[in-house]
Amino acid sequence: MTSNVEIRNLSISFGEGPAAVKVLPGVNFSVEAGECFGLVGESGSGKSTVLRCISMLTDFWQGQISIGGRNVRDIPRLERCRLLQMVFQDPYGSLHPRQSVRTTLSEPLKIHGLDDHEGRMRRVIRDVGLTADFIDRFPHQMSGGQRQRIAIARALILEPSLLLLDEPTSALDVSVQAEILNLLVRLREERGLTYLMVTHDLAVVDHMCDRFAVMLRGEVTEVLPRAAIQGNHATHPYARELIGASLEYEGAL
Amino acid sequence: MTVKDTDMPRQASQLPSSLLVLRNILTFLMRSPTSAFGLIVLGLLIVIAAFAPLIATHDPYAQDLANTLKAPGNGHYFGTDELGRDIFSRLVWGSRISLTIIFLVSIVVGPIGMIVGTTAGYMGGRLDTIMMRITDIFLSFPSLILSLAFVAALGPSLNNAIIAIALTAWPPIARLARAEAMTFRKADYIAAARLQGASDMRIIFKSIMPMCLPSVLIRLTLNMATVILTAAGLGFLGLGAQPPMPEWGAMIATGRRYMIDSWWLVTFPGLAILTVSLAFNLLGDGLRDALDPKQMNRR
Ligand SMILES: Nc1ncnc2c1ncn2[C@@H]1O[C@H](COP(=O)(O)OP(=O)(O)OP(=O)(O)O)[C@@H](O)[C@H]1O
Ligand SMILES: [Mg+2]
């Protein structure tokens, strides 16, 4: 299944009347199937909002978003769920505190009427690097990294081809961050997933993304290949500044 | 064989898990003296109501006109009333009426408040506005006055009193459930459930309600004290349980006329009402601590 993403003139404003705030004035970029595409930019630039629009969690946007050549608005809800999934920033807030891993993972299977719940759950738990005895745990019985693995397992259990990752490691400890990133890299290789990943960290982009877009106040200023980071080949002043600052920081370490 | 080995312990540990949680909550409640008092009084009330025929020393309706307004003693633990009926036995039988009121009101008010509140809070928008204006109207009257109006319209009887109390008791629960639902609906785990294709109904029942349940349970328990008092108040005003019935509030109402000379006519029913409503208040406070999320999930 191909799941290239095309975003044309995506715009959205929150609020009504004179109090309305235009958060995205008109975003354009595209992600190729099988690619890992990064989305970087300062806090509040609208990165999460883009992901929520693509996933239809927020549905009052204008413009055109298509996945695999189909308009997302035309894809039936359940089919869309099997096409794309999302991993959230904070593993402490993205797992239901009163649901065990079993409930978390079996709910989507029930909703979509899939068979072999036990087998599917065991496989996906193993795929994210945990053992089967995690199935009966509750979120408060797991570490942050383990929770995020469960959140990734939940995103994978419907076998989507597109993963939207909203800063999947920023709430985690540095050593755990690397583990989760390596897990994501491995899963993409094994399953041929397409990633659209929001991050603050250009080192993460350098580690796993093929291309990335730099966002500033709701607009994509520039789309760059990974190679543009070393040596700072950006042309837009803001993107140059961002990459420059990141290189300086790394040099200082 | 291997499949069996791994599956068996899970099944064994899963079946009684809700019972285990219940046991943990009970042990937690017993640890603090105040909530233990509430729990014990409530337990006693249930035992007394269940075994009323065995515990009562007399027939609660049997009149003995030769033996009216006798002070406690002489085989009448709490004395007799103006018709010579044994007050202790009437209190014992009256516990059944109180428990019926509490039970019926809870099973009506809990689900209604929960469904209205969580739906309004989760869906938001116009539905929320309409539902909350309706609860506002109910909330703008003191509950006793509103139940009075309902009973006056429906006609005085115990059943109508229960209906009236239930009608006035759900709005605060709905309010609370809505406030809770609104704090949870923006959570990432709700967004994740939506992304998995869960319908609004499914999200409300499976994700929102479990989060609102503890505070609704606490509120319901605390509410029971008010329900007891309202029921007694309606009985006192002659709008609830009707005279021969041994309802505590109605007993105080009839005993009021003889209060000056025969203190036991109002004192014992009054103490019963006080103890039970105090017990519910203390139990509600204890539950608030026990149902703290970190406590609740401890297995
Ligand atoms: N529901 C909403 N109502 C009003 N404004 C919103 C809403 N959601 C987002 N915004 C605004 O949109 C802007 C972009 O928010 P968004 O969450 O997409 O930022 P972000 O780039 O993900 O930031 P961060 O890196 O801090 O996560 C912010 O200024 C925010 O205030
Ligand atoms: Mg964000």
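Predicted model: local features only at pLDDT ≥ 70, side-chain atom pairs only at ≥ 80, totals over all residues.
An N or O atom in the side chain of Ser43(A) lies 2.5 Å from an oxygen atom of the ligand. For Lys47(A), a side-chain N or O atom is 2.7 Å from a ligand oxygen. Gly44(A) takes part through its backbone, where a polar atom is 2.8 Å from an oxygen of ligand 1. On its own, ligand 1 has 630 Å² of accessible area, and the protein covers 58% of this.

Chain A also meets chain B. The contact involves 29 residues from chain A and 25 residues from chain B. The size of an interface is often expressed as the accessible area lost when the parts come together. Here, about 2400 Å² is buried between chain A and chain B. Carbon and sulfur atoms account for 51% of that area. On the side of chain A, the greatest losses of area to chain B fall on Leu57(A), His96(A) and Arg98(A). Together these three residues supply 27% of what that side buries.

Polar and charged pairs also span the interface. Between chain A and chain B, 12 residue pairs are in polar contact, counting pairs with both residues at pLDDT 80 or more. Two salt bridges are counted between the chains. One salt bridge pairs Glu107(A) with Lys206(B), with 3.2 Å between the closest N and O atoms.

Four elements of chain A each give two or more residues to the side that touches chain B. These are helix 2 (77-83), strand 6 (84-87), helix 3 (101-111) and helix 4 (117-127). Helix 3 gives the most, with five residues. By class, this side of chain A comprises 12 nonpolar, eight polar and nine charged residues.

Conventions: Residues numbered from 1 in each chain as written. Chains lettered and ligands numbered in written order. Heavy atoms only, no water. Polar contact = N/O pair within 3.5 Å; in protein donor to acceptor, adjacent residues only side chain to side chain. Areas by Shrake-Rupley, 256 points an atom, 1.4 Å probe, with all protein chains shown as cover. Contact = heavy atoms within 4.5 Å. Buried area = accessible area lost by both parts, 1.4 Å probe. Salt bridge = Lys/Arg side-chain N within 4 Å of Asp/Glu carboxyl O. Nonpolar A, V, L, I, M, F, W, Y, C, P; charged D, E, K, R; others polar.
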